[in-house]
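Subject: Structure handover

Hello,

Here is the structure I promised to pass on. Please open it first, then read the notes below.

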Amino acid sequence: MQKISVLLVLLFSIHFSFSQQLQSPEDFLGYEVGTEFTRHANVVRYFESVAEASNMVEYNTYGKTNEGRPLTYAIISSPENLTNIEQIRKDHLSSAGLLENDNSASSKKAIVWLSYNVHGNEASSTEAAMKTLYELITSKKEWLKNTVVIIDPCVNPDGRDRYVNWYNMVRTTPYTANPIAVEHIEPWPGGRPNHYLFDLNRDWAWATQVETRQRLKVYNKWMPQIHVDFHEQGVNDPYYFAPAAEPFHEIITPFQRDFQTTIGKNHAKYFDKNGWLYFTKERFDLLYPSYGDTYPIYMGAIGMTYEQAGNGGAGLGINTREGFELTLVDRVAHHLTTGLSTIEVASENIEQLNSEFKSFFNNRDSKYKSYALNGEADKIAALQRLLDRHEIKYGNTNSNRIKGFNYTKNNNSGLNTNAKTLVIDGNQPKGKMVKVLFEPNAKLNDSLTYDITAWSLPYAYGLEAVSSSDNIKSSTLVNTEVFENTATPSAAGYIAKWNSMDDARFLTALLKEGIKVRFSEKPLQTENEKFEAGSLVITKSDNAKFEEFDTALISIANKFNRKLSVANSGFSRNGPDFGSSDIKIINKPTVGVLQGEGTSSLSYGEILYFFEQDLQYPVFPISTNYLSNVDLAKIDVLVMPSGYYNSLLDPSTLNKLKAWVKGGGKVIAIGNAVSAFAGKEGFDLHENISSIKKDSTEKGNLLPYNVRERESIKDLITGSIVKTKVDNTNPMAFGYNNYYFSLKLSEDSYAYLNNGYNVSYLENEPQIVSGFAGSNAKEKIKNSMIFGEERMGKGSFIYLVDNPLFRSFWENGKLFFVNSLFFVNNNEYDMD
């Protein structure tokens, strides 16, 4: 027995000693990094093994993806620093005034955050993350004495594994570098996006995705001075690093500009030594606030994007057009070099990084001191949830009227306030981010940008707002009203308002429970209350067979905090009675969504996310591969994401779709999907060409080569906000005013429908309230439809030219989609 005990102790000691042994990535994985793609689980295991073996690494999990994969980050520094890591973090935040009631400490450390693989098929960076970790704690220890490095080895594990699993499945052994091989042609939807096919590199500010929301909690806990986002670009480009391209947002400080150049020159030193090509300043600007470089910049950091040639088409190696083979080993080496070079520069500039970081959060000189907002309580609450994710402070005002720029009126008419007016102080530590998110119109010093040029949150959330140069005093926020409904079994029914996504979620919960709901197509008045068109009417008569109807209804209403108004009689004081044809039943539609080749994966993902997460209503995908064979009679609504449908909607399939609509089906076409029906036989939809000026003396394009790109922007709209007219008597627009601020993503333009309904539209002089629109594009969108419905037989084609679900952040557009789904022409087909 004693011998066995001694043997067990010896075996445990050997195992413990082995488990504590620090291994290189190659030793741990069993292959040279860059010769295989590493699955996310093995990346996690390697980081865990290093943290177990080294007293210079702390490894943490900050959440999970939609598919259950861990989201992780490592903190790397000297043993002494890690022992005091919490104090270092607090001193760092305190010195910049980011801790409540504490700005006394000083920081003598640099905080560098490296984010890898936000786009899943740009997979070289996660491989580089493992090597960077190992090099830091072996050959680069000196830098860690005054620097804390945070590594997120894979921001998008679901996308990465989608790509890696596909590549490992189709690759040949040995791999082929010929670009026509299947291993270089990634199928739809690709590994770039996350589970919901969102681009996580455009979600930092809007924080719609679970990965972003969980990451921001950690990011705000640390607020690094340098943040790098590692990417890949086309296989025929070499490597891009800072400094970035114009336009720079005006709040970016001279130091933030200059220090990018300092870092870039250090990278260049190593790239020049190794004979590696690179470029700077040409392509990736710093304007749109939701990138992995701009968001950190607006939070005080030196935010940068590094782009390696490659992406999902490169595989383990690919032949470029310049006649050489680009390998994964090469790509890893380049990302390893820039990552280490960044940390080196940080460690050499501690004092300047700390002093400039501190000064960034001084906002006393900002033009706008305060932002005040009025609106529906649900919309204010939705905005508050976003501000909470960024840890931006807000309160209520006790002013009667605020002077300043009025967003809705586009002038300096000010705003009347009430006890629930929301106020955001522009002089708080995160005041520069507040300015970026709330400014009426971002200043553009160059119109050639990489993304949308307008995003102002008052427009996005459908709120009245004013930006003021006065410091508006605010008080503690008035708590949201809580409704405690009680059952009234003797009543004829109940009525609820309709003007927000919270109302929409309440409706879907009722429908899923089997409670029948109606909506009023006209305003009505009961004994004591007035209700707008679109209000929900839940009658005892419709639900007579539903046992415990009142109890179930009250329970759901209280869960969603919806106020139910009791209607003792179905006889209305004004407007339609409960039995009127203007009080229409809301059927529970079966909804299909097209996906696959020909559709935009991003648009499809937005729709899927909207149904599953925002609306919480069941939906099922239909692949474009078998659309022509689908029995459309099994669905009531078909949603078409933005995409290119010319080859999919051949004459036979289009006729089949038309016949289904004529029988009572409904098509909701979004974005570019609308073009699939323009000018087709039997449709009232046509491209808008009436306002395009024709030049009878056209002689061909004589523009010089070097100005053609800049001249071409005259034809573009790059994500601008336009004020549209709205027919809010139409069911598609219930819950809206007679105007709507639309995020216009392209210059696509369609003429008014002659026989259909133009619900939201632009007139002869479109009002661009924010963002860039080229002169030719502004002409093209004159007198054009934005949202419309075309009846065909018993059914409808619904055209949403501007995508109201774009990146899930344009909150005020979502109800147009919900109305299209439940209200527009919904009573023409039989109920389940």
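Asp378 and Lys497 form a salt bridge, with their closest N and O atoms 3.0 Å apart. The pair links distant parts of the chain: Asp378 sits in helix H13 (residues 377-389), Lys497 in the loop between E20 and H16, 119 residues apart. Asp378 counts as buried, at 13% relative accessibility. Lys497 counts as partly exposed, at 34%.

Some ground rules before the rest. This is a predicted model, in which local features need pLDDT of at least 70, side-chain atom pairs count only at pLDDT 80 or more, and totals for chains, interfaces and linings use all residues. Residues are numbered from 1 along each chain as its sequence is written, and side-chain values use heavy atoms, with hydrogens and water left out.

The terms are as follows. A salt bridge is a side-chain nitrogen of Lys or Arg within 4 Å of a carboxyl oxygen of Asp or Glu. Buried means under 20% relative accessible area, exposed over 50%, and partly exposed in between (1.4 Å probe, protein chains only). Helices (H or I, at least four residues) and strands (E, at least two) are DSSP runs, numbered from the N terminus.

Salt bridges

The structure holds 34 salt bridges. Another one joins Asp503 and Arg562, whose closest N and O atoms are 2.7 Å apart. Asp503 lies in helix H16 and Arg562 in the loop between H17 and strand E25 (565-567), so this pair, too, links distant parts of the chain, 59 residues apart. Both ends are buried: Asp503 has a relative accessible area of 1%, and Arg562 has 6%.

Lys584 and Glu521 form a further salt bridge, at 3.3 Å between the closest N and O atoms. Lys584 lies in strand E26 (residues 583-586) and Glu521 in the loop between strand E21 (517-520) and strand E22 (524-525), so the pair ties together parts that are 63 residues apart in sequence. Lys584 counts as buried at 18% relative accessibility. Glu521 counts as partly exposed at 22%. There is also a network: salt bridges that share partners join Glu122, Arg192, Asp199, Arg202, Asp451 and Arg807.

Helix H17

Helix H17 covers residues 549-559. Its residues Phe549, Asp550, Ala552, Leu553, Ile554, Ile556 and Ala557 are buried. What do the buried residues of H17 pack against? They pack against strand E20 (493-496), helix H16 (501-513) and strand E24 (536-539); contact means heavy atoms within 4.5 Å. Asn561 follows H17 and has a positive phi, near 55 degrees.

The sheet

An open sheet is formed by 7 strands, in the order E1-E2-E4-E3-E5-E9-E6, with mixed pairing. Two strands pair if DSSP finds at least two bridges between them. Strand E1 (57-64) and strand E6 (239-240) are the edges, each pairing on one side only. Strand E3 (residues 110-115) and strand E4 (residues 147-152) pair in the parallel sense over 6 bridges. Ile111 stands opposite Val148 in E4.

Helix H9 (residues 254-274) lies across strand E5 (226-233), E6 and strand E9 (302-309). H9 runs at about 35 degrees to E9. Here axes are lines fitted to C-alpha atoms, for helices over the stretch in contact, and angles run from 0 to 180 degrees between N-to-C directions.

Thr126 and Asn117

Thr126 is in helix H6 (residues 124-138). Thr126 counts as buried, at 0% relative accessibility. Its side chain makes a polar contact of 2.8 Å with the side chain of Asn117. (A polar contact is a pair of N or O atoms within 3.5 Å; within protein, one must be able to donate a hydrogen and the other to accept it, and residues adjacent in sequence count only if both atoms are side-chain atoms.) Leaving aside neighbours within four places in sequence, Thr126 touches residues including Val43, Tyr116 and Arg160.

Asn117 lies in the loop between E3 and H6. Asn117 is not a glycine, yet its phi is positive, about 60 degrees. Asn117 is buried, with a relative accessible area of 0%.

Other backbone points

- Lys281 has a positive phi near 65 degrees and is exposed, with a relative accessible area of 54%.
- The peptide bond from Thr173 to Pro174 is cis, with omega near -5 degrees.
- Glu246 and Pro247 are joined by a cis peptide bond, with omega about 5 degrees; Pro247 lies in strand E7 (residues 245-248).

Best wishes
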